[in-house]
Every structure is written in C-alpha cells, then in structure tokens.
Amino acid sequence: REDTLMTSKEWITPDIFFKRCSVAFGKFHLDVASDENNAKCDLYLTEEDNALSINWSKYLCDRHIYDKHIWCNPPYHKLISWVSKSIEEAERGCTVVMLLPWGRWAKWHELIVRHAEMVRVVGRIQFELDGRTPSNAPSCNILAIIRPKIEGFRFPTGFTNSEIDAK
C-alpha cells in the first residue's frame with residue numbers, strides 16, 4: 001500500500017532534484033531530516049538528534065551561519081509535527097523548503113497552505129529506496145517554502161502557479 005511505502009525513512013531525494021531546488025531557492029545550509037547516508041547538506045540532523053526539539057536557527061547561528069536556508073524532506077508519518085516546527089523556525093528567521101507528499105487531504109494541509117508558498121512538482125520524483133529507484137514514485141509531491149516575515153512585505157502563500165520539474 002502507498003501509505004506503508006511512504007512511512008519508510010529510507011526514501012532519498014535524488015541529487016538532480018535537490019540541485020534544482022538549490023538553484024531556485026538558494027544554497028541550503030542544514031538538512032533537518034536525514035542521516036549520514038542521505039544528507040543533502042554538510043550540516044544535517046538525524047533521528048537521534050531529534051530535530052523537532054532543536055532550535056534550528058540557533059543551531060546555524062552557533063556555527064556562524066546567518067543566511068538560514070533549511071532543507072526538509074521529513075518522514076511522512078509525522079507531518080503535522082514537521083510542518084508546525086518549520087513554521088516556528090521561519091518565525092525565528094529561517095527559510096524552510098519542505099518536500100511533501102500531495103494527495104489525499106490531511107489536517108497538515110490546512111496549516112501549511114496558510115503559511116507557505118506551494119510549488120507544484122511537475123512529474124514524479126524518482127526517489128531512491130534501498131539503493132534502487134522504484135519504477136513509480138509512491139505519490140505526487142509539492143514544495144512548501146516557508147519564509148520569515150519581513151516588515152512591510154508579504155510573501156505569497158498557497159498555490160501560486162509556481163512549478164519545478166521532478167526530473
């Protein structure tokens with residue numbers, strides 16, 4: 001079943017897609033949902049680090065990184081927690097780009113649409129799983145870009161007709 005497949009923590013974002021996101025949204029400094037085998041940034045947080053309990057902004061500032069761009073391809077079984085945490089970190093000055101599944105409506109959709117620019121991923125991302133690329137990706141995806149507030153300026157939220165190619 002799709003639900004079972006998507007709960008795997010082993011889905012790896014393909015490098016070509018991550019590079020495209022880096023060009024579109026800026027260099028990422030921290031991958032907050034990874035491990036030593038799938039990290040997309042030099043700095044990364046693992047399950048053992050418990051990223052949901054760490055202040056990501058402080059983590060970067062402690063390492064003298066003040067342009068705080070964060071990559072987040074979270075485990076799909078705790079999405080409401082990851083979405084809430086990403087919104088919290090944007091309030092601390094971080095730009096968080098989340099790669100999320102899109103399909104059946106869920107409670108976290110209502111939250112993310114109010115706080116993020118939603119970028120449609122055109123086509124299916126060819127994630128890696130257990131060292132191979134399955135013939136069909138398990139779901140459609142979106143990128144949610146959650147930005148810090150800037151006085152006197154409002155970033156777009158919701159779907160904005162922005163698109164990024166999956167391949």
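The model is predicted, with local features needing pLDDT of at least 70 and side-chain atom pairs counting only at pLDDT 80 or more, while totals for chains, interfaces and linings use all residues. Residues are numbered from 1 along each chain as its sequence is written, and side-chain values use heavy atoms, leaving out hydrogens and water.

User: Which residues of strand β3 point the opposite way from H69 and W71?

Analyst: Strands (E, at least two residues) and helices (H or I, at least four) are DSSP runs numbered from the N terminus. In a regular strand the side chains alternate between the two faces of the sheet. Strand β3 covers residues 69–72, and its residues are all buried, meaning under 20% relative accessible area with a 1.4 Å probe and protein chains only. Opposite H69 and W71 point I70 and C72.

User: In β4, what is the bridge partner of C72?

Analyst: Two strands pair if DSSP finds at least two bridges between them. β3 and β4 (residues 95–102) pair in the parallel sense over four bridges. In β4, the partner of C72 is M98.

User: Why do the buried residues of α5 lie on the same side of the helix?

Analyst: The buried residues in α5 are W108, H109, L111 and I112. The arc is that of the directions from the helix axis to the C-beta atoms. They lie on the same side of α5 because they cover an arc of only 165 degrees.

User: How many residues does the largest nonpolar core have?

Analyst: A nonpolar core is a set of buried Ala, Val, Leu, Ile, Met, Phe, Trp, Tyr and Cys residues joined through side-chain atoms within 4.5 Å. Those with the most contacts inside the largest core include W71, M98 and L143. The number of residues in this core is 48.

Key. Buried < 20%, exposed > 50% of the residue type's maximum accessible area, 1.4 Å probe, protein only.
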